[in-house]
Amino acid sequence: MEFIDGLPEDERKALEQGFREHLAGTVPGIVAKRFTGGETWCADPILRAEATRYLNI
């Protein structure tokens with residue numbers, strides 16, 4: 001979370017958009033809709049697991 005928050009705003013927004021696109025193809029739509037950026041990177045256990053995989057790619 002600190003890594004994401006420490007990015008410049010344009011890079012953070014691009015990363016969040018890329019993660020939204022990643023979610024669209026990897027998890028059910030109802031789960032993907034939970035992601036709104038910010039704290040939701042780590043608040044939801046399913047999103048946290050997907051975010052960890054996504055950030056390691």
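Axes here are lines fitted to C-alpha atoms, for helices over the stretch in contact, with angles running from 0 to 180 degrees between N-to-C directions. The model shown in every view is a predicted one.

**View 1. Crossing of helices H2 and H5.** The axes of helix H2, residues 9-26, and helix H5, residues 45-56, come within 11 Å and cross at roughly 115°. Angles of 65 to 115 degrees count as roughly perpendicular, and H2 and H5 are therefore described as roughly perpendicular to each other. The crossing of the two helices, H2 and H5, is right-handed.

**View 2. Residues at the contact of H2 with H5.** From H2, the residues Leu15, Gly18, Phe19, His22, Leu23 and Thr26 meet Leu47, Glu50, Ala51, Tyr54 and Leu55 of H5. Sorted by class, this contact of H2 with H5 is made up of seven nonpolar residues, three polar residues and one charged residue.

**View 3. The largest nonpolar core.** Twelve residues form the largest nonpolar core, namely Ile4, Leu7, Leu15, Phe19, Leu23, Val27, Val31, Ala32, Phe35, Trp41, Leu47 and Ala51. At least two residues of this core come from each of H2, helix H3 (29-32) and H5, and H2 gives the most, with three residues. Leucine 47, one of the core residues, touches Phe19, Leu23, Val31, Arg34, Phe35, Thr40 and Trp41 when residues up to four places away in sequence are not counted.

**View 4. Surroundings of isoleucine 4.** Isoleucine 4 lies in helix H1, residues 2-5, and has a relative accessibility of 3%, so isoleucine 4 counts as buried. Not counting residues up to four places away in sequence, isoleucine 4 touches Arg12, Leu15, Glu16, Trp41 and Leu55.

View 5. Leaving aside neighbours within four places in sequence, glutamate 16 is in contact with Ile4, Phe35, Gly37, Gly38 and Trp41, among them Ile4, Phe35 and Trp41, which belong to the largest nonpolar core.

Terms used
Residues are numbered from 1 along each chain as its sequence is written. This is a predicted model: local features need pLDDT of at least 70, side-chain atom pairs count only at pLDDT 80 or more; totals for chains, interfaces and linings use all residues. Side-chain values use heavy atoms; hydrogens and water are left out. Helices (H or I, at least four residues) and strands (E, at least two) are DSSP runs, numbered from the N terminus. Angles under 35 degrees count as roughly parallel, over 145 as roughly antiparallel, 65 to 115 as roughly perpendicular and the rest as oblique. A crossing is left-handed if the near helix is turned anticlockwise from the far one by less than a right angle, and right-handed if clockwise. Contact means heavy atoms within 4.5 Å. Ala, Val, Leu, Ile, Met, Phe, Trp, Tyr, Cys and Pro count as nonpolar, Asp, Glu, Lys and Arg as charged, and the others, Gly among them, as polar. A nonpolar core is a set of buried Ala, Val, Leu, Ile, Met, Phe, Trp, Tyr and Cys residues joined through side-chain atoms within 4.5 Å. Buried means under 20% relative accessible area, exposed over 50%, partly exposed in between (1.4 Å probe, protein chains only).
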